[in-house]
Amino acid sequence: MPQPKVKPHLRREPVPDRKVALVLGGGGLKGFAHIGVLAALQEKGIKPTVVAGTSIGSLICAAQAAGMPIDDMTDHAKSLRRRDLFRLNRLGMILERSHAPSIYQGDPLRDVLASIVGDTMFEDLGTTLLVNTVDLQRGSPVVWGLPGLRDVSVLDAVYASCALPGFYPPGEVGGRSCVDGGVVDNLPVGAASQGMDAVIAVDTGSSSLVTEREIARQGFTAIYMRAATTMMHALQLSPLEHWSGPPMILIRPRVSHIGWFSFSHTDELIDAGYRAAMEALEHFEGCLSSETGIFPRRAMRVSVEREKCIGCTICVALAPQVMEMDETGKAVPRMPVVDWSPADGDFVHHCPTYAIRAEPAESNGSANQPQSTEAKTPEEAEERLEAS
């Protein structure tokens, strides 16, 4: 698939002089989609004031802050191989057994990061860079690059942010033992939004939890990453649901079908990021004119298949502003059409019988007519929700 190049004749005039924070979440190699997002931002003439990231998002933010061209980022992504990142810590596991810090060696990962980030300090960068980590000893988040946390190596911080616990040894940053910031916050919009007029956030790792039928048979790595994704997804819900900071464009590329450590989908991931960003950024001017909120917004039709509803009340507990129980003990929407951002509607996924559906209201041409098409399988229902 051809890469999304920035075409000179398509470049637009820069957006008004507004302070914009770009926040890139973690997600393993799914984070290659961030490169496509950067291409879209460049094409739209949007230059972030602050770039902030977790895990692979921090790596791509660091490359952006250091001035690396998008084509060079693409070349690095396409040349990466499994052996470059994953080398078993055999000696450690033999000698230290359960006391070994990780199943993989840290040096290969650090070497890959060094080839991209180089050896520089936060205060030497021309763009404000924030790298999200977790201090293991204190059990608290540490965002390197904030005031008072800049006199450290960018490489040290990015390594720690990419050090998924159990997979890689913790990283030492400024005398602290730190790991992947996704343990607490996979999308650090709160720290990045301070003093900003708008936020552009890109979620590649925890946005969608489609059903994985055979996950229990796929081995340690798959089970661990499934659990980590579920945890990150749950942790992210509350900050977005109660967002009161500057207006936010939330970009969620459709990459849920691709594994965290798949090396064979680089082109597809970059293209997915570019397409999702171009679609979401059509709403950027409207976002800037708002005081707060998450964009883009869309009218969605919520419905319940009564024969599938078992009356468990989970949907009401998770979304009392949208769902309620009727006199027969069945779940029903309070209003058939609701105004949603990409951060809304998570409760639909948690229905144990897949009785709830949410589809774009305009897909039928009339907000007053019932949907004429139904998902034939639970997986199809989930795909429709993600695509919307």
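**Figure 1. Asp344 is partly exposed, with a relative accessible area of 31%.** Here, buried means under 20% relative accessible area, exposed means over 50%, and partly exposed lies in between (1.4 Å probe, protein chains only). This is a predicted model in which local features need pLDDT of at least 70 and side-chain atom pairs count only at pLDDT 80 or more, while totals for chains, interfaces and linings use all residues. Residues are numbered from 1 along each chain as its sequence is written, and side-chain values use heavy atoms, with hydrogens and water left out. Asp344 forms a salt bridge with Arg297, and their closest N and O atoms are 3.8 Å apart; a salt bridge is a side-chain nitrogen of Lys or Arg within 4 Å of a carboxyl oxygen of Asp or Glu. Asp344 lies in the loop between S13 and helix H13 (346-349), and Arg297 in the loop between strand S9 (294-295) and S10, so this pair ties together parts that are 47 residues apart in sequence. Helices (H or I, at least four residues) and strands (E, at least two) are DSSP runs, numbered from the N terminus. Arg297 is partly exposed as well, at 35% relative accessible area.

Figure 2. Side chains of opposite charge can pair when their charged atoms come close. The whole structure contains 13 salt bridges. Asp156 belongs to helix H7 (residues 154-162) and Arg110 to helix H6 (residues 107-117), so the contact ties together parts that are 46 residues apart in sequence. Arg110 is partly exposed, at 29% relative accessibility. Arg275 is exposed at 54% relative accessibility, whereas Asp271 is buried at 10%.

**Figure 3. An open sheet of three strands in the order S13-S10-S14.** Strands of a sheet pair through backbone hydrogen bonds, either parallel or antiparallel. The pairing in this sheet is antiparallel; two strands pair if DSSP finds at least two bridges between them. Strand S13 (337-340) and strand S14 (356-360) are the edge strands, each with a single partner strand, so one side of each has no neighbour in the sheet. Direction ignored, neighbouring strands are turned by 35 degrees against each other on average. (Axes are lines fitted to C-alpha atoms, for helices over the stretch in contact, and angles run from 0 to 180 degrees between N-to-C directions.) Strand S10 (residues 298-304) pairs with S13 over four bridges, and Arg301 has Val337 in S13 as its bridge partner. What lies in the loop between S10 and helix H12 (314-318)? Ile310 is found there, and this residue is exposed at 57% relative accessible area. Ile310 and Lys330 are 20 residues apart in sequence and 7.0 Å apart in space, C-alpha to C-alpha.

**Figure 4. Strand S6 and its antiparallel partners S3 and S5.** Four of the five residues of S6 are buried, so this strand is largely enclosed by the rest of the structure. Strand S3 (residues 128-135) joins S6 through three bridges, with Val134 opposite Val179. Strand S5 (residues 171-173) also pairs with S6 over three bridges, and Gly171 stands opposite Cys178. The hairpin of S5 and S6 has two residues between the strands, and Gly174 takes a positive phi near 55 degrees there. Cys178 is buried at 0% relative accessible area. Cys287 is likewise buried, at 0% relative accessibility. A disulfide is a covalent bond between the sulfur atoms of two cysteines. With the cut-off for a pair of cysteine sulfur atoms set within 2.5 Å, the structure holds zero disulfides.

**Figure 5. A nonpolar surface patch of Val183, Val184, Met231 and Leu235.** Together these residues have about 270 Å² of accessible area, from the Shrake-Rupley method with a 1.4 Å probe, where for residues only the protein chains shown count as cover. Patches are made of residues with over 30% relative accessible area and no salt bridge: like charges are joined within 9 Å, and nonpolar side chains (Val, Leu, Ile, Met, Phe, Trp, Tyr) within 5 Å. Val184 is in the loop between strand S6 (176-180) and helix H8 (189-192). Val184 is partly exposed, at 33% relative accessible area.
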